[in-house]
Each structure stands twice: as C-alpha cells, then as structure tokens.
Amino acid sequence: MGTLHALIADIKDSCDIPEWELIPADKIPTLAQKCGPQEIAELIEELEALDDADLEDDCGDGIDDYWQLRTFFSQVLAQIGEPAVPPLIEALKSSNPQTRAYVARSLGLIGTPQAIEPIVRLLETEPDFDAKLSFIAALGEIGDPCAVEILLPYVHPPEQQNRHSIIAVTVQALERIGTEEVLQPLFLLWEFDPDPYVRRCAADALKAITTRGGPSSRKAFG
C-alpha cells in the first residue's frame with residue numbers, strides 16, 4: 001500500500017501521537033482529499049487483505065484491530081465520495097463477507113442510489129449474518145423510499161437466533177427512510193411483537209420520525 005502508506009505516515013507525523021493504531025477521526029477528511037484512483041484501489045485491497053493479514057505492532061487483540069482498521073478504511077472510502085462508488089460497487093463481488101459488509105457500509109454512508117440494486121441482489125442470497133445486517137443498514141443510510149418494500153420482510157423474519165438483531169437494524173433503516181409507508185409496520189411491531197427490545201426499537205423509531213417532522217404517527221392507525 002505504497003502511496004496510501006505514505007499519506008498516512010505524513011498525517012501520523014503531523015499529529016505527533018505515539019503508538020496509535022488509527023488515524024484520528026478528524027484527520028479522515030484530510031486523508032480522503034488526497035486519495036485518487038490508486039489510493040481508492042489500495043484501500044479496497046487492504047480491506048481484502050485483512051481476512052488473514054498480520055498486523056504490524058499487533059498487541060494480541062487481532063479481532064479488535066481488524067475491526068478498527070476495517071472501520072477506518074471504510075470511513076475514508078465513504079469520505080472520498082462519488083469517485084469511490086464504481087470500485088466499491090465492484091468490490092461488493094468479493095468472496096470475503098467482511099469486505100462485502102464494509103464496502104456496503106461505505107456505499108451507504110456515501111448515500112449513492114447506484115448501490116441500491118447490487119446491494120439488494122446480495123441481500124437476497126447473502127449467507128453471512130453480519131454482512132446481511134450491513135446491507136440492510138446501508139439501504140437505510142441511502143434513504144431511498146424504493147428500498148422500503150425490500151426491507152419490510154425483515155421486520156418479520158423467521159424465528160432464528162438473533163432475530164431481534166435483524167429486526168432492530170431493519171427498524172433503524174426504515175426510520176432513516178422515514179416515509180409514510182413505514183409507519184404502520186413500525187406501529188404494529190410496537191404494539192404486538194413479543195420481544196420487549198423489538199417493541200422499544202419500534203417506539204424509538206416512530207418517535208424519531210415524528211420528532212424530525214416526518215409523517216404523523218397517527219397515520220399508522222390506518
């Protein structure tokens with residue numbers, strides 16, 4: 001990761017922070033502004049390599065370090081914005097579920113409608129649970145009302161382990177979209193779901209939608 005490594009090293013030197021693992025969040029825009037096509041490709045390659053890469057100066061908590069670095073790389077890619085969209089969409093084809101998940105996260109943060117169709121296709125067949133959650137969250141971040149119909153089945157998933165997790169992420173996605181058609185499904189969850197955690201998530205989503213001036217929750221009653 002030659003060019004990108006040099007950019008990161010320059011920022012690290014300017015911060016004068018010893019023994020750190022991540023660029024401070026306020027430096028991410030600075031790094032993103034310096035990234036062209038080569039650096040975008042290198043960032044995506046780094047996401048792929050983290051599947052089994054050895055980390056420099058690893059203190060032994062490799063899983064946590066992987067999470068931190070994936071988060072950092074995805075945030076930089078998101079900050080780059082539209083120039084990163086085509087290579088990110090191509091990277092959704094990765095065989096690594098972690099790469100697929102974090103690439104979808106970047107596309108969601110960018111908010112590009114171009115990502116909806118490929119993410120929806122993956123969501124229908126994705127075997128990895130965490131990647132599936134990332135796809136749902138990304139559709140919510142993009143915020144296009146056309147995703148509501150795709151997301152609604154995940155409000156009532158089949159009985160399974162972590163059922164409440166997939167519902168909670170879907171509720172958050174629907175909240176971000178915030179159109180009138182999400183109100184009644186959220187209201188029904190709030191009223192009738194047997195899981196108190198799910199009911200609380202639905203109530204919080206309805207409150208958030210109405211608080212920010214979205215459609216009135218009274219319409220949820222039909």
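Buried means under 20% relative accessible area, exposed over 50%, and partly exposed in between, with a 1.4 Å probe and protein chains only. The model is predicted, so local features need pLDDT of at least 70 and side-chain atom pairs count only at pLDDT 80 or more, while totals for chains, interfaces and linings use all residues. Residues are numbered from 1 along each chain as its sequence is written, and side-chain values use heavy atoms, leaving out hydrogens and water.

Q: Is Phe 187 buried or exposed?
A: Phe 187 has a relative accessibility of 10%. By that value, Phe 187 counts as buried.

Q: Which kind of aromatic pair do Phe 187 and Trp 190 form?
A: Rings of Phe, Tyr and Trp (its six-membered ring) pair if their centres lie within 6.5 Å; planes under 30 degrees apart count as stacked, over 60 as edge-to-face and the rest as tilted. A search of the whole structure finds two aromatic pairs. For Phe 187 and Trp 190, the centres are 5.5 Å apart and the planes stand at 80 degrees, so the pair is edge-to-face.

Q: Which kind of pair do the rings of Phe 72 and Phe 73 make?
A: Phe 72 and Phe 73 are both buried. Their ring centres are 5.4 Å apart and their planes lie at 45 degrees, so the pair is tilted.

Q: How is Trp 190 classed at 39% relative accessibility?
A: Trp 190 forms a pair with Phe 187. At 39% relative accessibility, Trp 190 counts as partly exposed.
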